[in-house]
Amino acid sequence: GENVEQHPSTLSVQEGDSAVIKCTYSDSASNYFPWYKQELGKRPQLIIDIRSNVGEKKDQRIAVTLNKTAKHFSLHITETQPEDSAVYFCAASKRGGSEKLVFGKGTKLTVNP
Amino acid sequence: GAVVSQHPSWVICKSGTSVKIECRSLDFQATTMFWYRQFPKQSLMLMATSNEGSKATYEQGVEKDKFLINHASLTLSTLTVTSAHPEDSSFYICSARSLLADNYNEQFFGPGTRLTVL
């Protein structure tokens, strides 16, 4: 089955710097790669996703890149702010209604003022 | 749009009792709902996948007789933790996939239910 590896497990940056979180997946049939932000005690919040038919997607300060050949995808946050501090999860899923999302283990991002 | 609710948001129960958690899609019909469990400082662990009108598919290691899932309609799925024990204390989160979704598995998450078993 699918396996998603996420690195680093913790990341500390200064406000205004960029943060990059990387994930690799094992199943070449996966075609959907969302990123979630989770604050303590709250639901995972979808912040951006990318589908296998594109290589990059950007939404303001957040961007995701996908390399299907190497089977890895990355989250890029620019101009980080203290409110970006949270745990970020990547996930991968194959095509199909009952296919599950396989999550990475998460990255705790701390943005220091 | 695409709002998923869960009830209750938190519950405390005695060991040996059963607890039911509801997951509702408020503004869309969900063909498939997923139930996750999350322990502190860990990732989401899928427990089971449920499709409306059929039996749930449980992940390896999840006891189907302990975690009863019912998906009776396109907007409601329930998870019942039977004979709860302290080790069942966790954050339970559901997600739902829209009937109208394309081939990409976008899921909408509920706010979670914090279960504490004394």
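Visitor: With which residue does Lys100(A) form a salt bridge?
Guide: In this predicted model, the closest N and O atoms of the pair lie 2.6 Å apart, and a salt bridge requires such atoms to be within 4 Å. The pair crosses between chains, running from the loop between β9 (86-94) and β10 (102-103) of chain A to the loop between β6 (57-58) and β7 (67-73) of chain B. The partner of Lys100(A) is therefore a residue of chain B, with 2.6 Å falling within the 4 Å limit, and its name is Glu59(B).

Visitor: Is Lys100(A) buried, partly exposed or exposed?
Guide: The relative accessible area of Lys100(A) is 32%. Buried would need a value under 20% and exposed one over 50%, so Lys100(A) with its 32% counts as partly exposed.

Visitor: How many salt bridges are there between chain B and chain A?
Guide: Over all chains, the count comes to 7 salt bridges. Between chain B and chain A, where 25 residues of chain B are in contact with 26 residues of chain A, Glu59(B) pairs with Lys100(A). The count between the two chains is 1 salt bridge.

Visitor: Which element gives the largest share of the side of chain B that touches chain A?
Guide: Between chain B and chain A there are 5 residue pairs in polar contact, both residues at pLDDT 80 or more. The elements giving two or more residues to this side of chain B are β4 (30-38), β5 (45-51) and β9 (90-98) of chain B. The largest share, 4 residues, comes from β4(B).

Visitor: Where in chain B do Asp88(B) and Lys66(B), which meet in a salt bridge, lie, and are they buried or exposed?
Guide: The side chains of Asp88(B) and Lys66(B) meet at 2.8 Å, N to O. This pair links distant parts of the chain, 22 residues apart, with Asp88(B) in the loop between β8 (76-81) and β9 of chain B and Lys66(B) in the loop between β6 and β7 of chain B. As for accessibility, Asp88(B) and Lys66(B) are both buried.

Visitor: Which residue of β11(B) is the bridge partner of Trp10(B)?
Guide: Strand β2 (residues 10-13) of chain B pairs with β11(B) in the parallel sense over 4 bridges, whereas β9(B) and β11(B) pair in the antiparallel sense over 3 bridges. Phe91(B) stands opposite Arg114(B) in β11(B), and Arg114(B) belongs to the uncovered face of that strand, along with Thr116(B). The bridge partner of Trp10(B) in β11(B) is likewise Arg114(B).

Conventions
Residues numbered from 1 in each chain as written. Chains lettered and ligands numbered in written order. Predicted model: local features only at pLDDT ≥ 70, side-chain atom pairs only at ≥ 80, totals over all residues. Heavy atoms only, no water. Contact = heavy atoms within 4.5 Å. Polar contact = N/O pair within 3.5 Å; in protein donor to acceptor, adjacent residues only side chain to side chain. Buried < 20%, exposed > 50% of the residue type's maximum accessible area, 1.4 Å probe, protein only. Pairing = 2+ DSSP bridges.
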